[in-house]
Amino acid sequence: MEKFDLTILGGGILGTCLSYWSSLLYEGKIAVLEKEKDVALHTSGRNTGVVHRPFYLNPEKKKVFARSAQISYHLWKKYALLRNLPWKEIGTIEVAVEKEEVNSLEKYMSWALQNGMDESEVEYLSGEQVRAKEPYVHCLGAVFSKTDTSVDYKSFTSSIKEEARDQGVDFLFNFEVGKIFVENELLKIVNSRDGSIIETKFLINCLGGQAIDCAHKMRVGMEYTDLHFRGEYWQIHPDQAKCIERNIYSVPRHKELPFLDPHWIVRSDGRREIGPNAVLVSGAETYSGFFNSAGELLKKIFERPMTNKFKLFTNPEFLKLAKEEWMSSISKKNMLKRVQRFIPHLKSNFLIQKGSAGVRSSVIDPNGCFAKEVVELESPTSYHILNYNSPGATGAPAYTAFLIDKLEKKGLLKGLKKRKIGLKSFWDYEEIMENFNF
Ligand SMILES: Cc1cc2nc3c(=O)[nH]c(=O)nc-3n(C[C@H](O)[C@H](O)[C@H](O)COP(=O)(O)OP(=O)(O)OC[C@H]3O[C@@H](n4cnc5c(N)ncnc54)[C@H](O)[C@@H]3O)c2cc1C
């Protein structure tokens with residue numbers, strides 16, 4: 001049986017970045033368990049691919065996401081240059097279409113600076129000024145975030161995996177985390193594919209959409225539940241792609257709920273897409289249809305705690321919006337209509353085929369409300385990261401550095417030994433920690 005000091009569950013961008021920092025700073029046996037044959041085959045490789053600047057993040061309510069995104073922008077920029085990975089700084093124009101949305105723009109201008117962006121990176125634009133830059137975009141005003149960047153998070157994660165491997169991390173692929181039990185004060189983790197078992201002193205759960213199920217298996221976070229929302233994209237015909245050069249996002253109309261209008265996106269390879277919507281589905285990997293199997297659907301409906309979801313499902317606004325999202329999954333016309341609010345020029349024949357889809361798993365608290373921040377839960381032998389949603393890919397390198405520091409301070413990394421002479425890194429750990437000034 002293989003034995004590890006630290007085991008990270010999940011080879012998404014979160015687990016992979018965490019394995020990088022832990023092996024950089026500590027000596028000991030570290031493993032990443034991933035059920036697929038490579039990293040980033042789920043949400044981390046199926047997202048919009050934007051390094052989000054934090055102008056739209058409330059610095060109080062979304063402090064961790066905002067700080068992580070701000071610090072990580074500079075980390076990813078340096079890394080992309082070093083490893084020659086795609087980095088297209090194309091900018092995002094976030095538009096207000098209705099009068100009441102204009103107030104949000106003023107807030108965004110101030111949040112941008114509070115979150116550490118430079119004044120030169122953001123500009124308030126009137127509707128006329130937007131049209132001068134992007135003639136096909138209709139709005140009353142906008143915030144232009146000039147340094148938003150298109151990247152490929154799959155290639156970022158794969159590259160960080162290689163760095164972590166060079167530092168000694170074992171990536172165990174085709175390892176589907178099943179049963180977890182304690183024996184002689186050590187955790188045993190069973191691979192449900194072949195029954196093999198590994199032993200570890202401590203585990204960090206970074207299982208994305210399945211993180212809550214794993215936490216519940218260990219009787220942690222029993223007060224929370226989650227729902228899965230699939231974000232779908234439509235590809236734009238190459239002949240029409242050039243008509244808009246920047247990302248176009250619209251101000252969210254329903255701030256407490258995870259429903260945004262789809263955006264116009266410029267991918268790092270130049271393709272344009274619209275999306276994502278947020279279609280309620282039964283599983284974290286339900287990439288088509290609304291459920292993978294009747295069993296999965298029933299499990300989702302009846303899983304405990306049921307009151308969280310019951311409270312949410314009695315919210316008429318949630319039900320109305322969820323229905324609209326389902327409609328935009330079934331009907332291309334419906335999806336199109338939502339983007340035509342701010343790009344009226346867009347026609348049905350510009351949308352040539354569906355692109356990839358990614359699933360966001362949102363945690364619901366006992367009041368029936370969606371968690372706004374990342375949810376961290378601990379037990380003496382485990383730490384669990386839930387609700388690690390957008391802009392999670394942006395913030396991953398800084399957030400995971402912050403996490404390692406926190407675990408060390410809590411005395412949870414007992415099995416590992418701090419390196420006396422640190423390994424060389426392209427990122428400056430001390431500087432990152434100084435920037436997490438809370
Ligand atoms: C539609 C969409 C668009 C987004 N756009 C952006 C964006 O533009 N910019 C941004 O910053 N963020 C974006 N995000 C958010 C970002 O993608 C996520 O925050 C991030 O990818 C989460 O990474 P993760 O490692 O936590 O999860 P994941 O990437 O889902 O990784 C979890 C891993 O765990 C593995 N796993 C699950 N169960 C098991 C098991 N039992 N055993 C072993 N392995 C298991 C999975 O195979 C997977 O590889 C977007 C998200 C969505 C859904």
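A search of the whole structure, which is a predicted model, finds 35 salt bridges, where a salt bridge is a side-chain nitrogen of Lys or Arg within 4 Å of a carboxyl oxygen of Asp or Glu. One of them is formed by Lys161 and Asp38, whose closest N and O atoms are 3.0 Å apart. Lys161 lies in helix α5 (residues 153-166) and Asp38 in the loop between β3 (30-33) and β4 (50-51), so this pair ties together parts that are 123 residues apart in sequence.

Before going on, a word on conventions: residues are numbered from 1 along each chain as its sequence is written, and side-chain values use heavy atoms, with hydrogens and water left out. Because this is a predicted model, local features need pLDDT of at least 70 and side-chain atom pairs count only at pLDDT 80 or more, while totals for chains, interfaces and linings use all residues.

Let me turn to the domains. The chain is divided into domain 1 (1-86 + 150-223 + 373-438), domain 2 (92-146) and domain 3 (225-243 + 255-370), with bounds that come from an automatic or database domain assignment. The C-alpha centres of domain 1 and domain 3 lie 26 Å apart, and 23 residues of domain 1 are in contact with 25 residues of domain 3, contact meaning heavy atoms within 4.5 Å.

On the backbone side, an oxygen atom of the ligand is 3.2 Å from a polar backbone atom of Ile13, and a backbone N or O atom of Leu14 lies 3.1 Å from an oxygen atom of the ligand. For Lys35, a backbone N or O atom lies 3.2 Å from a nitrogen atom of the ligand. Taken alone, the ligand exposes 1000 Å², and the protein buries 97% of that, with accessible areas from the Shrake-Rupley method and a 1.4 Å probe.

Next, Glu376, which is placed in strand β19 (residues 375-379). Its side chain makes polar contacts of 2.6 Å with the side chain of Tyr383 and of 2.6 Å with that of Lys406; a polar contact is a pair of N or O atoms within 3.5 Å, and within protein one must be able to donate a hydrogen and the other to accept it, residues adjacent in sequence counting only if both atoms are side-chain atoms.

I close with backbone geometry. The peptide bond from Arg304 to Pro305 is cis, with omega near 0 degrees, and Pro305 lies in the loop between α8 (294-302) and α9 (306-313). A cis peptide bond also joins Ser390 and Pro391, with omega about 5 degrees, and Pro391 is found in the loop between β20 (382-386) and α12.

Notes:
Helix = DSSP H or I, 4+ residues; strand = E, 2+ residues; numbered from the N terminus.
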